[in-house]
Amino acid sequence: MDFVGVMKNAVSGLGLAPDAAMVTFPIGMFLPGSDITPVRARKREFYDGLTRWQSTFARNAAGAATMLSVEGASHEDALNKANNLLITNLWGDGLPLWPATRERVDWTLRGAALPRTHVIGKFPPRGGVTTVETCAVALAMAGGRPEYLPVLIAAVEAFLDTESGSDQLQATSGGPFPVVIVNGPIAKEIRLNSGFGCLGPDPQRPAGASIGRALRLLQQNVGGALPGIGTMAIFGAMRYTNAVFAEDEAALPQGWRPHATERHGYAPGTNSVSLVFASGVTNVQRRGAKKETPEEDVLNGMWRMADFMRTPNLAALQGYEKGTPGIMMISPVVAKMMAEQGWTQSSIRQFLWENSKIPLAQLKRAGAPAWFEIDANPVTRESIKLDPWPIARKPENIVLVVAGGDHPTHYYWLQAHSPRVVGRVMRVPESFDRLLADADRDLGCGSDACLI
Amino acid sequence: MVTLEFYDPSGTLEVTQQHAPRLASLEGRRIGFVSNEQWQAYRMLPMLKEMLEADFPGVEVLPVDTFPQGNALIGNEETAALVKNSGVDAVIIANAA
């Protein structure tokens, strides 16, 4: 077990040199019933930490980003060596990377509405200074295009918002990953998927893969979330590309509002991101199999969803008061069917909230009360008095998004671990239309009409 | 020969404050604990207190629960102020795993 990286990140994030006086032991000693005599055997190290330790970090690394260089017998050879260098410096993700050359970064920066030196913030927990250029470097490495940059920058701004909890969620063993929901016309303009397979790769709508991958590279390389060193994410699912998708606003039934309007109050048509930390992705089969009436079909599916949400695995604690217990993804055809039966976004949330409450006896059986007692939020601590316990303080906390393929068989539930749902409005450069025209030129028929 | 030059993707760090200077000796000092109460801290920290008191004449090691405990509290400004105002010469922070 190596917690040293997490500790160094935390210290660095405070503006100290990334170093600290530490005495470390294998994980076994931290488990119930362990032999703790090694503490006694190594007491001198504790004493030295208080009296003799000195930081070995000699340099102040602040300043302009440095350039790396490789030489190869051919372009192919140089590219291979560049990828080897990125991996050996622990800056890769195991998939091929585009080296962020000046030319490629400058091209990517055509999507920026802010100067390249503009500081967005410090990426937690390591505290790496994150500029517009830093984002462009990551997007270039991830294979992204300039028109994706406004989405990435808005996502990074949301991520760096201290309310997001990212400083702790980056390091925690639960391995939450950012989910970026995009609203506004930019989604279709840049070919971001809102339909079939929207949480995975799609060559017809490829934007989400490289935006999410770039965000992940920033989390690791600038934020220090290196598996087993800077992040204790035990399993680390969805961490190649995170999840970046668009709501299918065109498919919203009459009277339903875009997610960004409901959650953040942005006017419909505003280009925006909404960032949630999720710790799981689950398919919930909702459709009937025989002769159900339309009403039975909908209600059965809603019960399956609520029953799934009613689980005492404690994931909902983080977002109890102001965050969310999760994101329910409803496909367009199901949203339409439900709306035709009079369901609204509000009534869906109300149903799920009422019917996902967990009996206190079930929480006690799972040992949950201790986690309530140590929760930082007094509202969450107090909520243990509710029996049954609602998985969110109010129904409005549940995120509903209309997205996915136009098919009725499944819901999708992104279990959250998210103290807030953070929104940001995007900025696009004045030349954005030109970037879209370039994309049509480079990638063929544009927008949603591109069907191979 | 082809040369490929590209950006270091790790960003830059900005050191804005120095680590606290170390103590010349532990004798006669006041030592505190800031604990998250997890990972067997309830067993390890009392052991450390006992060892420090046995090995250094005049050292005062405050009880483990002198300052607020738990992940939710140990990182906040109020706890930091309590530690600072208590007059301790050093603190040991534990446990992480």
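Between which two elements of chain A does the loop holding Pro388(A) lie? The legends below take up this point and others in a predicted model.

**View 1. Two cis peptide bonds in chain A.** Pro388(A) sits in the loop between helix H17 (378-382) and strand E8 (399-402). A cis bond joins Asp387(A) to Pro388(A), with omega about 5°. The bond from Pro124(A) to Pro125(A) is also cis, and its omega is near -5°. Pro125(A) belongs to the loop between strand E2 (119-123) and strand E3 (128-131). Most peptide bonds are trans.

View 2. Most residues other than glycine have a negative phi. Met238(A) is not a glycine, yet its phi is positive, about 65°. Met238(A) is found in the loop between helix H10 (207-222) and strand E5 (243-246) of chain A. Asn242(A) lies in the loop between H10 and E5 as well. Phi of Asn242(A) is near 50°, again positive in a residue other than glycine. Is Asn242(A) buried or exposed? Asn242(A) has 1% relative accessibility, so it counts as buried. Met238(A), at 25%, counts as partly exposed.

View 3. Glu14(B) pairs with Lys122(A), and the closest N and O atoms are 3.2 Å apart. Glu14(B) lies in the loop between strand E1 (2-7) and strand E2 (30-35) of chain B, and Lys122(A) in strand E2 of chain A, so the pair joins two chains. Glu14(B) counts as partly exposed, at 37% relative accessibility. Lys122(A) is partly exposed too, at 34%.

**View 4. A salt bridge between two loops of chain A.** Arg420(A) pairs with Glu163(A), the closest N and O atoms being 2.2 Å apart. Arg420(A) lies in the loop between strand E9 (410-418) and strand E10 (422-425), and Glu163(A) in the loop between helix H7 (149-160) and helix H8 (166-169), so the pair ties together parts 257 residues apart in sequence. Arg420(A) is partly exposed, at 25% relative accessibility. Glu163(A) is partly exposed at 38%.

View 5. Arg441(A) and Asp438(A) both lie in helix H18 (residues 432-443) of chain A, three residues apart, about one turn of the helix. Their closest N and O atoms are 3.5 Å apart. Arg441(A) is exposed, with 58% relative accessibility. Asp438(A) is buried, at 7%. Both belong to a network of salt bridges that also links Arg110(A), Arg145(A), Glu147(A), Arg434(A) and Asp442(A). Over all chains, the count is 31 salt bridges.

Conventions:
Residues are numbered from 1 along each chain as its sequence is written. Chains are lettered from A and ligands numbered from 1 in the order in which they are written. This is a predicted model: local features need pLDDT of at least 70, side-chain atom pairs count only at pLDDT 80 or more; totals for chains, interfaces and linings use all residues. Side-chain values use heavy atoms; hydrogens and water are left out. Helices (H or I, at least four residues) and strands (E, at least two) are DSSP runs, numbered from the N terminus. Buried means under 20% relative accessible area, exposed over 50%, partly exposed in between (1.4 Å probe, protein chains only). A salt bridge is a side-chain nitrogen of Lys or Arg within 4 Å of a carboxyl oxygen of Asp or Glu.
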